[in-house]
Amino acid sequence: MNYWLVKSEPFKYSWDTFVSLGRDHWDGVRNFQARNNLMAMKENDLVLFYHSNEGKEVVGIAKVVREHYPDPTIQEGSWVVVDLVPEEKLPKTVSLATIKKDPRLSDIALIKQSRLSVMPIKKEEFDIILSLAYA
DNA sequence: GCCAACGTTGGC
DNA sequence: GCCAACGTTGGC
């Protein structure tokens, strides 16, 4: 079991949009590193859903229900998508500021590689974020 | 709205 | 294959 974090601008695609759809493919990834991360996702892996730009906070947890397959929304290129379902909404969102303040999270890719849109999260980091969400 | 970080493109 | 120019992302 692995853990991940994906970013979305809520203006374009928010957690609520995702919940209303119920299940969706995660498309639009056009970065090789992010694509490699998508391709490493396995069914049942858990994914933190982060709102970038507006909000700047982790809002919910999604689950991978289908491993990577070719992006159905484009003809060209070798980009891939995965299918995700909402798993649960966090009772308390965890903001970027909170994450930055926590010394245990200083190595998190969210801070280290701020422009990456799909990134792996260590189990410890995932657990810490959840503990902050349920505090 | 600015700017830093960083990925991509294209000329050489 | 290097590197400058350019575009995009995302925090502030």
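Colleague: Before we start, what does the model include?
Modeller: It is a predicted model, in which local features need pLDDT of at least 70, side-chain atom pairs count only at pLDDT 80 or more, and totals for chains, interfaces and linings use all residues. Residues are numbered from 1 along each chain as its sequence is written, chains are lettered from A and ligands numbered from 1 in the order in which they are written, and side-chain values use heavy atoms, with hydrogens and water left out.

Colleague: How many aromatic pairs are there?
Modeller: The count is eight, where rings of Phe, Tyr and Trp (its six-membered ring) pair if their centres lie within 6.5 Å, and planes under 30 degrees apart count as stacked, over 60 as edge-to-face and the rest as tilted.

Colleague: Why is the pair of W15 and F18 edge-to-face?
Modeller: The ring planes of W15 and F18 are at 65°, with the centres 5.6 Å apart, so the pair is edge-to-face.

Colleague: And are those two buried or exposed?
Modeller: Both W15 and F18 are buried, meaning under 20% relative accessible area, while exposed is over 50% and partly exposed lies in between (1.4 Å probe, protein chains only).

Colleague: What about W26 and F49?
Modeller: Their ring centres are 5.5 Å apart and their planes at 80°, so this pair is edge-to-face. W26 is buried, with a relative accessible area of 8%, and F49 is buried too, at 1%.

Colleague: Which residues do ring pairs link into a cluster?
Modeller: Y13, W15, F18, W26 and F49 are linked in that way.
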